[in-house]
2 protein chains.
Amino acid sequence: MPRYKAIVSYDGSGFFGFQVQNDVRTVQGELNKVVNQMAKNPATPIRVIGASRTDTGVHALGQVINFDLPFNIPAASVRKGLNTLLPRDIMIREVEIVNDDFHARFNSHHKRYFYRLSTQDFVDPFKRKYAGHFHWPLDIQRIEKALPDLLGEHDFASFAASGNQTQTTIRRITRADIINKPDEQEIVFIFEGNAFLYNQIRIMVGVLLEIGTGKRPVHDIQRLIEVKDRSQARFTAAAAGLYLDEISYS
Amino acid sequence: MPRYKAIVSYDGSGFFGFQVQNDVRTVQGELNKVVNQMAKNPATPIRVIGASRTDTGVHALGQVINFDLPFNIPAASVRKGLNTLLPRDIMIREVEIVNDDFHARFNSHHKRYFYRLSTQDFVDPFKRKYAGHFHWPLDIQRIEKALPDLLGEHDFASFAASGNQTQTTIRRITRADIINKPDEQEIVFIFEGNAFLYNQIRIMVGVLLEIGTGKRPVHDIQRLIEVKDRSQARFTAAAAGLYLDEISYS
C-alpha cells in the first residue's frame, strides 16, 4: 500500500469547500471519486486526506493531500491518470511517493495564504470569482503600520468565526505583508503561520480594511488580541479573494 | 435623444456570444435589458449596437457599443446606473456622449484582439475559461518567422469559417505579434487590423500553432492566402483564449 502525497490546485468557485459532504460538490468528494476510480474501486473505499479544509469559494494553488493506493503506480502516472479523470476545475500539480506515516494535515508545519482584493469602483467581470472587492478609499500606510501587530504567537479568539472548533485559539503568524499593485487596481495580502482558525484570514483582512479606511485605530489589532471577543470583528472579507498558496512540511 | 458611446468588458464564458438571440443569454441581450430599464422601458425599445459580434465564450476588455436615451443623463450617471443594473459578468468601463451620427460598428477603423494560450501539460483550473490550451512542443522562432506573412492587405478566404457572410474576404492586418511568457507557461498573440472575418483570428492561431509544431512549413500562410480555400485550415483555436481588446475610431 504505497502512500502518495499530491499538490493540488483548484478554482474554488464551483465547490462547497474542500471537505466531503453529502449531496453537494466538494473538492475532497471529487478527489475521492477519481482516486477510487484509478484504484478500480476497491471494496474498502480509499479516503483522500487534505491538509486544509478550505471554505466554499476559497481557491487553492497548493493544497496538499495524501492517499494510499492498493498497488504500486509510478508517481508521474498517478498524476497523469488523476488529471485525466478529474474535472477541469481541479488539477494535480505534483505527486510523490512518501513514507507510510506521512499525514498531509498533522505533519504540516507552515501554511501560506494570500488574499487578492480588487479596488476598482465596479466589480471587474474577470475578478468577480477570483478576488474580493473593496471600493472605498484605503490608506495603505495605515495598513502597513498595523500588519506587524499580527506577527508572533497570540490568542486569535477575536479572529475566529463561530464555527471554529479547535481546542486552542493560539496561533503563530510569521508573515503578514501587503503588496500594492496600483496599475492593476489590486492589493494582495500575504499571511504565513503554523495554522489558522476558521475564517481567521478573512476576518484579519476585514479588520485591516477597516483600519485602512480609518474606521478602526491603527493598532486596534493589539486590542482585539487582548479582548478575545469574536463579536468585535464582524466584517469577514469575501471567500473569492482567498487562496491557499503553499504548505510546507519538515 | 442624446447618443451614448460606452466601452464594455465582459467574461464571455457565460454568454452565447454578443449578438442578441431568442432564448439564450447574450451580452447584447443583457445590455438591451438594462438600457431599457434605465430609460423606464419606452414604448419603442432602445437597441444597443455593438462594434463586434464576439462568439460564444469569447471575452472582451474593450467592446464598444452605442445607444440613444430618451432624456439627458450625464455620462457618469449612465455608467453608474448601468453597472448597478448589469449582471456581474458585464462591466461598463467608460461612457461618453457622442454625435448623433456615431455608429460603433460602421465607424470603427481598427480593432485589436489578443489570444492567450496556456502551454501547461494539463489545463490550469484558473485558465480553463480564460485561455486556450496547447501542450505540444512549439518552436516559437518558427511562429515568429511566420507572423509577418499575415501583415498587409490580403484575401483571407482560407481563414474564414463557413458562417462568414461578408461580401469580401479582403482584410488588412497591421500587427501580428507573439509574446512568450515562459514563467507563466503562456503565449499571447496580438493582432490588429481594420476588421476580421468570422473566426479569422482563431483560425490564424490554429495555423500558427501548426507552423510551431512543424506540421506546416514556416511560410504556409503565403500559400493559404493564395489558394483561398477554407478547407485547408481546419484547426480553429478554442474561443476561451480570445479577447477583444480595443477598438479605435477616427
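This is a predicted model: local features need pLDDT of at least 70, side-chain atom pairs count only at pLDDT 80 or more; totals for chains, interfaces and linings use all residues.
**Ground rules.** Local features need pLDDT of at least 70 and side-chain atom pairs 80 or more, while totals for chains, interfaces and linings use all residues; side-chain values rest on heavy atoms, without hydrogens and water. Residues are numbered from 1 along each chain as written, chains are lettered from A and ligands numbered from 1 in the order written.

**Gly62(B).** I found Gly62(B) in strand β3, residues 59-68 of chain B (strands are DSSP E runs of at least two residues, helices H or I runs of at least four, numbered from the N terminus). Is Gly62(B) buried or exposed? I noted it as buried, at 4% relative accessible area (buried is under 20%, exposed over 50%, partly exposed in between, with a 1.4 Å probe and protein chains only). Beyond four places in sequence, its contacts include Ile7(B), Arg93(B) and Leu244(B) (contact means heavy atoms within 4.5 Å).

**Largest pocket.** Which residues lie nearest the centre of the largest pocket? I listed Arg116(A), Glu184(A), Arg116(B), Lys127(B) and Glu184(B), out of 45 lining residues. Its lining has 17 nonpolar, 7 polar and 21 charged residues (Ala, Val, Leu, Ile, Met, Phe, Trp, Tyr, Cys and Pro are nonpolar, Asp, Glu, Lys and Arg charged, the others polar). A pocket here is an open set of points on a 1 Å grid over the protein atoms alone, with protein on both sides within 12 Å along at least five of seven lines; lining residues have an atom within 4 Å of a point.

Terms used
On a 1 Å grid over the protein atoms alone, a cavity is a set of points where a 1.4 Å probe fits but cannot get out, and a pocket is an open set with protein on both sides within 12 Å along at least five of seven lines; lining residues have an atom within 4 Å of a point.
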